[in-house]
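These notebook entries record what I looked up in one structure.

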Amino acid sequence: MSSPSTAQHPLSTDEPIDVLMEHEDEARDIVSDDIPSMLSVPTMRSRRVSVSAESIQPSLNRSQREYIVHPKTDDQKQRITAAIANNFLFKSLDDDQVVHVINAMAEKKISNSTTVIEQGAEGDFYYIVESGTFDCFIKQGEQTNKVTSYGPGGGFGELALMYNAPRAATIIATSEAVLWALDRITFRSILMDSTARKRRMYEQFLSEVPILRSLKTYERHKIADALEPVQFDDQEVVMREGDVGQNFYLIEDGEAIFYKAAEDGTQNEVNRSSKGDYFGELALLHDNPRAATVVACGRLKCVTLGKKAFTRLLGPVMDILKRNSENYHAILREASKTVD
C-alpha cells in the first residue's frame, strides 16, 4: 500500500500531543480508589444550608435505550447544546453523556407571571429557555432587587443538579414561555452510570496489556480512575517516531494508523489499531524513542497515562513486572526487540 508524500502527509504537521502530557501529570498527585465525584460543590461561606444525601448507585445493566428520551427537533437539540456548551457543569461531559442529557430534558410550558423558582425553596431542576423571557430577583432583608433577565438560550438553576440546597434567587416569567427542564436524579444517574461503565471498560482494557498483567485488582482500579481522556481529529499525530515516549494509550473509540519511515524518508503504513487496542505502553518502562508514528484515522478517542503518574500511584513498573517472573522476562525480550 503506497503512502502519501511527506508534503501532504499528516506526519509533517506540528508536534503531537504526546510531548505535552508530561506537564499535566505534574499537577496530579493523588487519585482516589473510589469512583471520583464528577462535580465539585462550591463552598458557601455566607450561610449554612441543609443538603440532603441521595443514594445514586450506578446501574450494572442499564443500556442507552433505557434513559429517558423526550422528543425534540434537530433545531431544538442544537439550541440546547449551545446553551450548555459554556456551562461549567457540562464542559467535562463526553459526547454520549451530552446526548443523554439533551434527550432527558422535558418541555415545560410557562404562563406569563409564573414563579418558576422561589428564593429559599428547595429545587431539583435546571432550566434552559426555549422561548420567552424571565426576570431574576434576589431578596436581601426587606429589599428585593432585580439582578438579571433571561431569554432564549439562557439557563438558570444549575446548582440544583449538584445538591438540593435552597434556591438563591426567584425567577419569574415576564411572557408566555417554554422551558427545557432537567432534574438532578437523572443528571447524576447519567454521570454515575457512564463513569461506572467506563471504569469497567478501562479495567478490561488494562487486563489485556501484558506489561500490566501483574496488577492486583485494586491497582487496576487506581489506574482506571487515573486515565485521562484525550481526543484527536482526523489525521492528527498522536505520537511521532523518534520522539521520547512519556505516555501510553488505550483506544476507546476510532482507529489509529501506524507508520514507519523508510530509508528514503517515505512513510509506510505498518499497522492499524481500533477500540480496545493499546500502544505506547513501553514508555512506562524506559525513555527510548518511539519506534513508529501514530496518526488518527477519523476521530480518535483515547485514554492515556504517563510514566510519572503511574509511578506516583503504584511505584516503578519494573517492580510490578517482577511479581510474575515469566511475564517479566517476556516483556524484557519484547523491549529488547522493539521500542514501543
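This is a predicted model: local features need pLDDT of at least 70, side-chain atom pairs count only at pLDDT 80 or more; totals for chains, interfaces and linings use all residues.

The entries below follow the order of my look-ups.

**Entry 1. The open sheet.** I looked up the strand order and found an open sheet of four strands, arranged β1-β8-β3-β6 with antiparallel pairing. I then asked which strands form the edges. They are β1 (106–110) and β6 (155–156), each of which pairs on one side only. For β1 I followed the pairing to strand β8 (residues 177–183): the two run antiparallel and are joined by five bridges. Within this part of the sheet, I recorded Lys-109 opposite Val-178 in β8.

**Entry 2. A helix on the sheet.** I next looked up what helix α2 (residues 74–84) lies across. The strands concerned are β1, β3 (125–131) and β8, and the helix runs at about 125° to β3.

**Entry 3. The hairpin of β11 and β12.** I turned to strand β11 (residues 247–261) and strand β12 (residues 267–273), which pair in the antiparallel sense over six bridges. Five residues lie between the strands of this hairpin, and Gly-265 takes a positive phi near 90°. Along the pairing, I noted that Lys-260 stands opposite Asn-268 in β12.

Entry 4. How many salt bridges does the count give? I recorded eight. One that I examined joins the side chains of Glu-241 and Lys-260, at 3.9 Å from N to O. This pair links distant parts of the chain, 19 residues apart: Glu-241 is in the loop between β10 (237–239) and β11, and Lys-260 is in strand β11. I also looked up the exposure of both partners. Glu-241 counts as partly exposed because its relative accessibility is 27%; Lys-260 counts as partly exposed because its relative accessibility is 34%.

I then followed Arg-272. It forms a salt bridge with Glu-255, with the closest N and O atoms 3.4 Å apart. This pair also links distant parts of the chain, with Glu-255 in strand β11 and Arg-272 in strand β12, 17 residues apart. Arg-272 forms a salt bridge with Glu-269 too, and there the closest N and O atoms are 2.7 Å apart.

Glu-255 is partly exposed at 27% relative accessibility. Glu-269 has 24% and is likewise partly exposed; I noted the cut-off for this one, since buried would require under 20%.

**Entry 5. A salt-bridge network.** I looked up which residues are linked in a network of salt bridges and recorded Arg-199, Glu-203 and Asp-225.

**Entry 6. Packing of α5 and α6.** Two packed helices are described by the angle between their axes and the distance between the axes. The crossing of α5 and α6 is right-handed.

Which residues meet across this contact? From α5 I listed Glu-219, Lys-222, Ile-223 and Ala-226; from α6, Phe-310, Leu-313 and Leu-314. By class, the contact has five nonpolar residues, two charged residues and no polar ones.

Note on methods:
Residues are numbered from 1 along each chain as its sequence is written. Side-chain values use heavy atoms; hydrogens and water are left out. A crossing is left-handed if the near helix is turned anticlockwise from the far one by less than a right angle, and right-handed if clockwise. Contact means heavy atoms within 4.5 Å. Ala, Val, Leu, Ile, Met, Phe, Trp, Tyr, Cys and Pro count as nonpolar, Asp, Glu, Lys and Arg as charged, and the others, Gly among them, as polar. Two strands pair if DSSP finds at least two bridges between them. A salt bridge is a side-chain nitrogen of Lys or Arg within 4 Å of a carboxyl oxygen of Asp or Glu. Buried means under 20% relative accessible area, exposed over 50%, partly exposed in between (1.4 Å probe, protein chains only). Axes are lines fitted to C-alpha atoms, for helices over the stretch in contact, and angles run from 0 to 180 degrees between N-to-C directions.
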